[in-house]
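Subject: Model handover

Hi,

Here is the structure I promised. Please open it alongside this note; my findings follow below.

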Amino acid sequence: MLGSRRSGRRCTTALAGFGLLLTGAAAQLGTGTPAHAATTHRILFDNAHAETAGNADWIISTSQPDPLGQDSSPSAETDWTGALSSWGVALQKTGGYSLKTLPSGSGLTYGGTSATDLANFDTLVLPEPNTKYTAAEKTAIMNFVKNGGGLFMISDHTGADRNNDGYDAVEIFNDLMTNNSVDSTDPFGFSVDSLSIGSDHPAAIADSTDPVLHGSFGTVTKSLIASGTTATLKPADNPSVKGLLYRTGYSGNTGAFFATSTFGSGRVAFWGDSSPVDDGTGQSGNTLYDGWNDSGATNAPLALNATAWLAGAGAGSGGSDGGGGTCTAAQLLANPGFESGATSWTASAGVITDDTGEAARTGSYKAWLNGYGAAHTDTLAQTVTIPAGCTSATLSFHLHVDTAETTTSTAYDTLKAQVLNSSGTVLSTLATYSNLNAASGFTQRSFNLAGYAGQTVTIKFTGTEGSTLQTSFVIDDTALTVG
C-alpha cells in the first residue's frame with residue numbers, strides 16, 4: 001500500500017541543527033575481525049621489495065627485523081642507519097610504538113606463523129616498492145586492511161624503476177588495487193597517476209578536524225614534491241576517499257598528493273613521493289635528500305600523524321589514542337527507534353511520526369521522509385561522538401521505500417545518507433537511494449565509519465521529492481555500534 005499523504009497530516013516538532021561524531025572515512029561495511037589495536041602500536045616497514053635499490057634507502061635501520069638491535073634507545077636519527085631513520089626514531093622515542101622491518105628475501109603474509117606476519121601488526125608501511133607483489137602477497141595485504149589494518153602507500157614518479165625490472169611504484173600500486181583476489185573494483189577509491197612532477201609544495205586543505213592534518217605530532221600545512229606523482233580520486237567507487245594535500249592549482253578529485261581512505265574495517269593513506277620522508281642520511285654510497293626537514297614543508301608531522309591514524313591511535317602519540325584513548329563497546333545513537341518522538345534527533349516538520357500511513361518496523365514511531373507527491377525536501381540528523389580509541393564503528397539503519405512512480409530507469413525522488421563535519425561540509429555521501437529502490441518491507445543498510453573515530457561529524461539524511469507522484473523513504477531502528 002502506497003504511503004501518500006497530505007502535508008496537513010504531519011504532526012511535528014521542527015528541529016534545527018545537527019551533528020554526528022565519527023572517525024575516518026565511510027565505506028560499505030566489510031567483514032572479518034579487526035586487527036588488534038594494542039596500547040603499543042605495531043608498525044611493519046617493508047624492505048622485501050627492492051626498497052634500497054639504486055639510490056633509495058627506504059629503511060628505518062640496517063638492523064632487521066628489529067631496529068633495536070642497532071640501538072635500543074635511540075635519541076637522534078643517526079643512531080639508526082637508513083633514510084627513514086628520522087621517522088623510526090621519532091616513533092620509537094614516544095614509547096608507544098613497536099617497530100619492525102620485513103627483511104629482503106622475505107614475503108608478506110597474513111595469518112601465518114612468522115613473527116613478521118601481518119596479523120602481528122597494526123600498520124604496514126610500503127615505502128616506494130620496486131618489485132611487484134606476488135598474488136599471495138596482494139591477497140595478504142588486502143585482507144589485512146579489510147580486517148582492520150592500516151596501509152601506508154608511498155609512491156614515486158613514473159619511471160622511477162630503480163632496479164630496472166620493468167616496474168615502478170606507480171605501476172606496482174595500481175596493480176595491487178586492480179589485480180588482486182579480494183577486491184579489484186577500485187577498493188580504495190583512487191588510482192596513482194602516471195606522472196613525473198619535478199617540484200612543488202602541495203598545500204593542505206582547510207579541515208581543523210582531520211587527525212592527519214591536525215594531530216599531536218603537529219599541524220600540517222604543506223608537503224614536498226621532488227620528482228613525484230599524484231592520485232586521481234574516485235569517490236563514486238569508495239566514498240571515504242579524501243584528498244588532504246593537493247598539487248598547486250588542483251583540488252577535488254584530481255592532483256591529490258596525499259589522500260586517505262578506508263576499506264572494510266581498515267584505513268589507507270597514500271603519498272605521491274618518497275622525497276618527503278627521506279631524512280638525508282643513510283647507508284654509504286646513496287645520494288639522499290633531506291625532505292623530512294625541508295624548510296618549506298611540514299613532512300614530519302604529516303608522516304607521524306598519518307602513522308598514528310593508521311595504527312588506530314587517532315591523532316595521538318606516545319601510545320595514547322587521541323580523544324580519550326579507550327573504547328567501550330556500545331551503541332551510541334540516542335532514541336535509535338524514534339519511540340521517544342523527536343528527542344535527540346533534528347528533523348523537518350513531521351518526519352518523526354506515528355502516522356499509520358506508513359508502518360514502523362518496530363514500535364509505533366519511525367522517520368518518514370517525503371511521500372507528498374509534490375516538490376518537497378526533508379532532513380533527519382543526530383550528533384554523536386565516536387571515541388578515538390575505537391577501531392570499529394558501524395552505522396546501520398532499516399530502510400523501506402515505496403513509490404507511485406512507474407519508471408524502471410529514472411530516479412525522480414532521492415534519499416541521501418551523508419557524513420558532514422561540524423561546519424556542515426559534506427565529508428562523504430555514503431549512499432543515494434531513490435524510487436528505483438522501492439520494495440516491500442525494510443532492508444538493513446550498513447556502513448563502516450571507523451575512519452571518523454575521534455572527530456565531530458554529522459550523519460544526515462536528505463530526502464528530495466519531485467513535483468508529482470509520491471515516494472516515501474521510511475527509516476527505523478538505527479544504530480551506531482562501536483568497539
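How many aromatic pairs does the count come to? In this predicted model, the count is 14 aromatic pairs.

Take Tyr110 and Phe144. Their pairing is edge-to-face, with 6.1 Å from centre to centre and 75 degrees between the planes. This pair links distant parts of the chain. Tyr110 lies in the loop between β3 and β4, and Phe144 sits in helix α2 (residues 135–146), 34 residues apart. Tyr110 counts as partly exposed because its relative accessibility is 28%. Phe144 has 0%, so Phe144 counts as buried.

Next, Phe397 and Phe447. Their ring centres are 6.2 Å apart and their planes meet at 20 degrees, so this pair is stacked. It also joins distant parts of the chain: Phe397 belongs to strand β21 (residues 393–403) and Phe447 to strand β24 (residues 443–448), 50 residues apart. Phe397 is buried at 0% relative accessibility. Phe447 is buried too, at 1%.

There is also a cluster. Ring pairs link Phe45, Trp87, Phe152, Phe258, Trp271 and Trp292.

Why is α1 (residues 85–94) described as largely enclosed by the rest of the structure? Because seven of its ten residues are buried. Just past α1, Gly95 adopts a positive phi of about 80 degrees.

Best wishes

Key: Residues numbered from 1 in each chain as written. Predicted model: local features only at pLDDT ≥ 70, side-chain atom pairs only at ≥ 80, totals over all residues. Heavy atoms only, no water. Buried < 20%, exposed > 50% of the residue type's maximum accessible area, 1.4 Å probe, protein only. Helix = DSSP H or I, 4+ residues; strand = E, 2+ residues; numbered from the N terminus. Phe/Tyr/Trp six-rings, centres within 6.5 Å; stacked < 30°, edge-to-face > 60°.
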